[in-house]
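Colleague: I'd like to learn how to read a few features off a model like this one. Can you walk me through it?

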Amino acid sequence: MSNKVLMVVLLALVLALAACGGGRSAAPAAEPTVPAPVGDAAAGEALFNSATIGDNSAPGCVTCHSLEEGVVIVGPSQAGLAARAGQRVAGESADEYLRNSILHPNDYVVDGFAEGLMYQYYADDLTPEQIDDLVAYLETLK
């Protein structure tokens with residue numbers, strides 16, 4: 001066998017081995033991860049139960065929302081809110097609905113309540129962390 005033919009055969013063998021990965025199996029695909037909850041529910045509960053919140057002393061949630069089923073103060077009761085939140089607006093998760101309800105309260109108004117009734121400036125008055133904390137707490141209200 002000539003050197004040229006031997007080189008071609010060796011090159012073909014090297015390429016064949018490289019193409020099949022040298023007998024190694026591929027690493028298994030990573031399992032999809034579920035995002036960790038954002039926010040601190042305990043801090044959110046403290047915010048919810050404060051008479052005023054934020055830098056501008058905005059009304060706290062508890063001043064208008066009861067945690068007792070069927071009890072209306074100004075706005076709807078929050079009892080069982082987590083169970084309903086993901087079903088309120090088509091295409092919105094519970095997290096999205098709750099967050100949007102705080103930041104843009106007129107985007108979806110619960111039947112029987114007037115538009116503009118809820119305080120409109122939480123997006124300005126609360127930090128992103130405080131919003132996350134409130135949402136985390138509201139998601140515990142099953």
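Predicted model: local features only at pLDDT ≥ 70, side-chain atom pairs only at ≥ 80, totals over all residues.

Colleague: How many salt bridges does a search of the whole structure find?

Modeller: Two. In one, the side chains of Asp95 and Arg99 meet at 3.5 Å, N to O. These residues are four apart in helix H4 (residues 94-103), so about one helical turn separates them. Helices here are DSSP runs of H or I with at least four residues, strands are E runs of at least two, and both are numbered from the N terminus.

Colleague: Which residue forms a salt bridge with Arg99 at 2.7 Å?

Modeller: Asp132, going by the closest N and O atoms. This pair links distant parts of the chain, with Arg99 in helix H4 and Asp132 in helix H6, 33 residues apart. Shared partners join Asp95, Arg99 and Asp132 into one network.

Colleague: Is Asp132 buried or exposed?

Modeller: Buried means under 20% relative accessible area, exposed over 50%, and partly exposed in between, using a 1.4 Å probe and protein chains only. Asp132 has 19% relative accessibility, so Asp132 counts as buried. Asp95, at 28%, is partly exposed, and Arg99 is partly exposed too, at 21%. Across the protein chain, buried residues make up 25% of the 142 residues.

Colleague: At what angle do helix H2 and helix H6 pack?

Modeller: Axes are lines fitted to C-alpha atoms, for helices over the stretch in contact, and angles run from 0 to 180 degrees between N-to-C directions. H2 (residues 41-48) and H6 (residues 128-138) pack at about 95°, their axes 7 Å apart. Under 35 degrees is roughly parallel, over 145 roughly antiparallel, 65 to 115 roughly perpendicular, and the rest oblique. H2 and H6 are therefore roughly perpendicular to each other.

Colleague: Which residues in H2 meet residues in H6?

Modeller: With contact meaning heavy atoms within 4.5 Å, the H2 side includes Leu47 and Phe48, and the H6 side includes Leu134 and Tyr137.

Colleague: And the overall pattern along the sequence?

Modeller: The order is α-α-β-β-α-α-α-α, from six helices and two strands.

Note on methods: Residues numbered from 1 in each chain as written. Heavy atoms only, no water. Salt bridge = Lys/Arg side-chain N within 4 Å of Asp/Glu carboxyl O.
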